[in-house]
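Here are a few exercises to work through with the model open beside you. Try each one before you read its solution.

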Amino acid sequence: MSEEKKRKIGIMGGTFDPIHIGHLILGEAARQQFSLDKVLFMPAGNPPHKRNRAGRAGDEQRVDMVRLAIASNPGFALSLFEMNEDGYSYTYRTLEMLRKRNPDTEFYFIMGADSLFDFDQWRDPQRIVNAAHIVVATRNQTDPEVFNALLEQRREQFHGDFLKLDTPNLDISSKRIRELIRNRESARYYLPDPVLNYIREHGIYLSSAEKQ
Ligand code: ATP
Ligand code: MG
């Protein structure tokens with residue numbers, strides 16, 4: 001099949017505990033910048049011993065929150081590919097399985113700069129790079145030169161396609177949101193209203209068990 005006819009699918013993976021506007025803006029920016037047909041939001045599974053931890057959302061709640069957050073965007077979809085019974089799935093396996101099932105599709109795996117910094121600690125990063133384009137957004141006020149140098153280093157290291165996503169630094173994290181909610185401070189506008197309402201209704205993140 002010719003390149004033009006290939007479907008292009010973005011994958012936004014994460015713990016999404018909870019999903020926030022950082023994740024959504026990355027997905028939308030990638031969709032536009034790389035003309036993606038769809039962006040799949042793919043919550044990572046938790047191994048059984050990590051489910052229902054105090055101060056965290058349960059697996060089903062994380063999925064519900066993703067569903068609520070992306071509902072209004074026809075370019076986004078939820079994927080439960082990594083929410084399996086034994087929990088954790090490795091990214092390289094997910095991508096290889098998706099490739100096998102969808103030979104006419106090109107995959108764009110989206111991440112923040114923090115993930116690119118630890119990328120060589122991930123399980124089998126070479127197989128990830130072989131299976132997908134890697135799309136990276138800046139984060140944590142990373143100096144642009146440092147960011148460019150890291151992208152170049154990863155390209156040389158893995159002979160892969162590391163693409164820079166053109167987004168502003170979005171100073172927001174799930175960890176910060178959990179803190180705000182636990183301290184009963186406003187987290188409004190850090191995440192879509194329906195997600196915040198869901199968190200309130202279910203009393204999520206109020207416990208102080210999380211070690212910071
Ligand atoms: P936590 O604080 O719990 O680690 P998080 O905000 O980092 O949560 P994750 O679910 O861990 O969210 O992130 C999923 C992916 O989204 C990662 O690749 C991460 O780098 C990226 N990401 C999350 N928030 C941002 C952000 N504000 N800017 C750029 N990338 C982000
Ligand atoms: Mg994180």
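**Exercise 1.** This is a predicted model. Is R176 buried, partly exposed or exposed? Then find its salt-bridge partner.

*Solution.* Start with accessibility: R176 has 35% relative accessibility. Partly exposed covers the range between under 20% (buried) and over 50% (exposed), so R176 counts as partly exposed. Next, look at the side chain: R176 meets E179 in a salt bridge, 2.8 Å from N to O. Elsewhere, R51, D59 and R62 are joined into one network by salt bridges that share partners.

**Exercise 2.** Find the salt bridge between E152 and R155 and say where its two residues lie.

*Solution.* Begin with the side chains of E152 and R155, which come to 2.8 Å, N to O. Both residues belong to helix 6 (residues 144-158), and they are 3 residues apart.

**Exercise 3.** Where is S79 found, and is it buried or exposed?

*Solution.* First locate S79: it's in the loop between strand 3 (76-78) and helix 3 (91-101). Its relative accessibility is 11%. Buried means under 20%, so S79 counts as buried. Then check its surroundings: leaving out residues up to four places away in sequence, S79 touches L40, F41, M42 and P43. A polar atom of the S79 side chain also lies 3.2 Å from the backbone nitrogen of F81.

Definitions and conventions. Residues numbered from 1 in each chain as written. Chains lettered and ligands numbered in written order. Predicted model: local features only at pLDDT ≥ 70, side-chain atom pairs only at ≥ 80, totals over all residues. Heavy atoms only, no water. Helix = DSSP H or I, 4+ residues; strand = E, 2+ residues; numbered from the N terminus. Buried < 20%, exposed > 50% of the residue type's maximum accessible area, 1.4 Å probe, protein only. Polar contact = N/O pair within 3.5 Å; in protein donor to acceptor, adjacent residues only side chain to side chain. Contact = heavy atoms within 4.5 Å. Salt bridge = Lys/Arg side-chain N within 4 Å of Asp/Glu carboxyl O.
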